[in-house]
Amino acid sequence: MLQGTLTQLVLASCNGSATLRNLGGLASVILLIFALLYRVLCIPVAPSPQKDHSPPRLQLPSWKVTRFFFEKRFDFIKDGFRATSSSIYQTRLFQHAAIVLSGDEGRQVFFKEKGLCLYDTFSIMMGSSAAQFDPHQVGGVVKRMASIQRPDNLQKLIPLILSECQRKMGTWGRERILDPCSSLHEVAFHLVMAIASFDIANDAALSARLKSLVDTVDSITNPYSTWFPWLPGPALFQKFFASMQIYWIIQAAIRTRKRSGIKRDDMLQQMIDEGDGTIRIFGCMLGLSLAGARATGTIVTWLIMHLSSDPTWSLNVQEEIKTFISTHTSSSSPLSGNALIQALSEIPLTAWESQTPNLDFCIRETLRTSQPYTAVRKNTGPDLTIGAYVIPSGSLVVYPFLDTALDPKYYSEPTRWDPSRVLKKDTPFIGWGAGTHACKGQRLATLSMKLMVAYAFTQFDITMVDREGKKINRVPVPEWNDPATCRPKEECGIKFAEK
C-alpha cells in the first residue's frame with residue numbers, strides 16, 4: 001500500500017519526465033537500504049511461547065522503551081540487562097516484540113543461525129505491513145560487492161582513493177582544526193563517490209548536492225513516526241523523494257557514461273560492463289554511500305584521533321608507513337604531492353593487505369571501541385533455544401556489539417584503546433560482524449582506511465586539541481548512544497598541520 005502510494009506521488013511530481021522503469025523495484029531497493037541503515041526493525045508480534053520458557057520482561061511503558069531505544073540505545077540496553085538480572089530479556093518497541101540477547105551463547109546463536117534474517121523486516125519499519133521487496137535484489141547487491149572487491153578491481157581503485165584524499169585534504173591549507181564529527185566523514189563520502197563514479201565525484205556542485213541528499217536519507221527517523229504504521233509521516237516522504245533524486249542523478253550518470261564511450265576504473269564502469277540494470281546500480285551506489293561512507297568515516301576518524309593522541313602508536317605507525325613506502329619505491333627522499341600518489345598507487349594490493357601489521361592492530365582496536373552497532377534480525381524459523389528460554393519463530397532478535405567488545409572477561413580495561421592487546425584464540429572479535437552476518441564490504445573499507453591514514457600521516461602533523469585549540473594527549477570518551485558517528489562526549493578537534 002505504501003509503496004503504491006509513493007509510486008503514484010512520485011509519478012505525479014515528475015512534471016513530464018520519462019517514466020521510470022521498474023519503479024516498484026526501485027521503491028523496494030530504497031526501503032531495503034533504509035532497513036540496512038537504521039537497523040531498527042518492527043514486525044508483528046508472534047504468538048507468545050509458554051510462560052515458563054519466556055525471557056524476563058522489562059517492565060517499562062512502551063512509549064519509554066521507544067524513546068530510550070532511539071535516543072539512548074546503549075544505556076537502555078545495558079540498563080535492561082541490569083533491571084531484569086538476566087542475559088536475555090524481552091520488551092516491546094511500538095506495538096512489536098523484541099528479545100535482547102547478550103553473553104557467549106546469545107552471541108553465538110545470533111551470528112550462526114541462518115534463520116535470523118534482516119530482509120523480511122524492513123517493510124514494517126518503514127510504516128507499511130503490505131510493502132514487499134524482491135529478495136533477489138539483495139543477492140544481486142551482495143554479488144556486486146563481492147565482484148568489486150576482487151583483487152584486480154581493488155588494485156585499480158587504489159589511485160582513485162589516493163587522488164581523492166589529495167584533492168579533499170588539499171583544501172585544508174597549511175593548518176586546519178577539523179571537527180571530528182564532520183570533516184573526515186566528508187572525505188570518506190567523497191572518497192566513496194570517487195570509487196562509485198568518477199563523473200559524479202569530479203563535479204563539485206553535483207557531488208555536494210548528492211551529499212546533501214544522502215544526508216537526508218541518512219537522517220534518523222523520528223521515533224514516534226511509526227506509531228501509526230498505516231500513516232506515512234513527513235520524514236518518510238522526505239527521505240523517499242531524496243532517494244528518488246539520488247536515483248535520477250545515478251541514472252543520468254549511467255546514460256552519460258554510455259553515450260561518451262569513455263571508460264573509467266570505477267564501480268559504475270564495472271557494473272555497466274557486466275550488464276547490471278539501473279535498479280541494481282542504484283542499490284549498490286546508495287548502499288555504499290550510506291553504510292560505506294558513514295562506517296568508514298566514523299572508524300577512520302576515531303583511528304586518527306587515537307593515533308594523534310598516543311605518541312607511541314603514532315610513531316609505530318608512521319615508521320611502519322615510511323618503511324613500507326621505501327620498501328616498494330626506488331626514491332631515497334621523502335615524497336609528496338603527485339609523486340607520493342604515484343608511488344603509493346604502484347604498491348601491490350597484497351602488500352597493503354599484509355605488510356602493515358601495526359596499522360592492522362590499530363584498526364582492529366578502533367573497531368572494537370568505537371562502533372556502537374546494535375544488530376536486529378527477525379527469526380524466520382525454527383524456534384531457537386538459549387538456555388532455558390525459547391525464541392519463537394517470528395520474533396525480533398536484538399544483539400548489541402558492545403556486549404562483546406566491552407566485556408572485561410575478554411578485554412581487560414575494555415574502554416581503553418590498546419592495539420597491543422594479545423587476543424587469545426578463543427577471544428571473540430565482531431568488529432566486522434561474524435558468521436552469516438559479517439560485513440560484505442570489509443575488504444574495501446579496510447583498504448580505504450589504510451590509504452587515508454597513510455596519506456594523512458605522510459602529509460600532515462596531526463594532534464588532538466581541546467575546544468580552545470590547545471594540544472591534549474588523550475581522546476575523549478565516545479558517545480556510544482550515538483549510532484551514527486559515535487561522537488566524542490567532549491568538544492575537541494583534530495589539528496592538521498602541513499609538513
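In which loop is serine 85 found? In this predicted model, whose residues are numbered from 1 along each chain as its sequence is written, serine 85 is found in the loop between helix H4 (73–84) and strand E1 (88–93), where helices (H or I, at least four residues) and strands (E, at least two) are DSSP runs numbered from the N terminus. Local features were considered at pLDDT of at least 70 and side-chain atom pairs at pLDDT 80 or more, while totals for chains, interfaces and linings use all residues, and side-chain values rest on heavy atoms, with hydrogens and water left out.

The protein comprises 20 helices and 11 strands. Of its 499 residues, 56% count as buried, a term denoting under 20% relative accessible area, as against over 50% for exposed and partly exposed in between (1.4 Å probe, protein chains only). Contacts (heavy atoms within 4.5 Å) between residues at least 6 apart in sequence join, in 78% of cases, residues at least 24 apart. The protein exposes about 21900 Å², of which carbon and sulfur atoms supply 53%; accessible areas come from the Shrake-Rupley method with a 1.4 Å probe, and for residues only the protein chains shown count as cover.

Serine 85, although not a glycine, has a positive phi of about 55 degrees, and the residue is exposed, with a relative accessible area of 68%. Glutamate 413, likewise not a glycine, has a positive phi of about 45 degrees; glutamate 413 is placed in the loop between helix H19 (402–405) and helix H20 (442–459) and is exposed, its relative accessible area being 52%. A cis peptide bond, with omega of about 0 degrees, joins glycine 381 and proline 382, and proline 382 lies in the loop between strand E5 (374–379) and strand E6 (384–386).
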